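Morning, everyone. I'll take one structure and walk through it in a few stops. Please have the sequence and the model open.

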Amino acid sequence: LTIAVNYEAGAEMSVLHGDAASEAALSDTPFPSYEGERSILVESSYEFGSRRGIWRLFRIIQEREIKVNLFGVVMALERNPEVARAFADAGHEIVAHGYRWIDYRTVPEQLEREHMARAIEGIERLVGRRPMGWMTGRPSVNTRRLVVEQGFLYDRDALDDELPHWV
C-alpha cells in the first residue's frame, strides 16, 4: 500500500511565477484559468495547503505512525524547505513530482529535460539523497522516455495497473 501526499502548492501556474495565466487545476474552487491575471481565491487555496494543511496532515501521519510518499514539486519545496526536511527526517520517501506543477503536454522536450534535472538536483539538495521515483502528474509524450533515461526506479505517472510492470 502506498499513501501519496502531493505537495504542489507554490509551483502552480501563476502570473506571480511569470506564467501567462493563473492556475485552474486542483483547487477547491472551480475557477477557470485567467489569462494575464491573478486568481486570488485559487492562490489562497494553494497557500492554505502549503502553510497550514501540510503541517496538519504531517501531525496526523506521525501520530498514527504511517509512512507515506511525499510527491514533491521542487519549486514548491524550495519555497518551504522545512516540509521536505520534516518528511525526509521522519523516514518518508520523497518522490520527484517535477520542477513545476504545470501541464507538460505542450512543453518543449528540452525544457522538460531541464526541469527534470532541476527537480532531481533540488531534492538532492533539500534532503541529501536522489529521489528513486518520479511523477510529473501532467506528463507529455516524452516524459516516460526521459524518466527511463534518468534511471528512476519507478514512474508513478503510469496508472494502468496495481503492480509495477514493464512497458
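Before the first stop, one term: a cavity is a set of grid points where a 1.4 Å probe fits but cannot get out, and its lining residues have an atom within 4 Å of a point. Keep in mind that this is a predicted model.

Now the cavity itself. How many cavities of 30 Å³ or more are there? The count comes to one. The largest cavity has a volume of about 40 Å³. Its lining consists of G98, Y99, Y104, E112, H115, M116, W134 and T136. Which element gives the most to that lining? That is α4, with three residues. By type, the lining splits into four nonpolar residues, three polar and one charged.

Let's stay with one of those lining residues, H115. H115 sits in helix α4. Is H115 buried or exposed? Its relative accessibility is 10%, so H115 counts as buried. Setting aside neighbours within four places in sequence, H115 is in contact with Y99, R100, I102 and Y104. With Y104 there is also a polar contact, side chain to side chain, at 2.6 Å.

Second stop, the largest nonpolar core. This core has 35 residues, and L70, L77, F87 and I94 touch the most other members. Elements that each supply at least two residues are β1 (4-7), α1 (40-63), α2 (74-79), α3 (81-89), β3 (93-96), α4 and α5 (143-149). The largest share, six residues, comes from α4. Take I94 as an example: not counting residues up to four places away in sequence, I94 touches L70, L77, A84, F87, A88, I123, V127 and P131.

Last stop, R130. Where is R130? Look in the loop between α4 (109-127) and β4 (133-134). Apart from neighbours within four places in sequence, R130 is in contact with I120, E124, Q150, G151 and F152. What does the side chain of R130 reach at 2.6 Å? The backbone oxygen of Q150. Finally, R130 and V95 are 35 residues apart in sequence, while their C-alpha atoms lie 9.1 Å apart in space.

To recap α4: this helix gives the most to the lining of the largest cavity, and the largest share of the core also comes from α4. That's all from me.

Terms used. Residues numbered from 1 in each chain as written. Predicted model: local features only at pLDDT ≥ 70, side-chain atom pairs only at ≥ 80, totals over all residues. Heavy atoms only, no water. Helix = DSSP H or I, 4+ residues; strand = E, 2+ residues; numbered from the N terminus. Contact = heavy atoms within 4.5 Å. Polar contact = N/O pair within 3.5 Å; in protein donor to acceptor, adjacent residues only side chain to side chain. Core = buried A, V, L, I, M, F, W, Y, C linked by side-chain atoms within 4.5 Å. Buried < 20%, exposed > 50% of the residue type's maximum accessible area, 1.4 Å probe, protein only. 1 Å grid on protein atoms, 1.4 Å probe; cavity = no way out; pocket = protein on both sides within 12 Å on 5 of 7 lines; lining within 4 Å. Points joined across faces, edges and corners; volume = space filled by probe spheres on them. Nonpolar A, V, L, I, M, F, W, Y, C, P; charged D, E, K, R; others polar.
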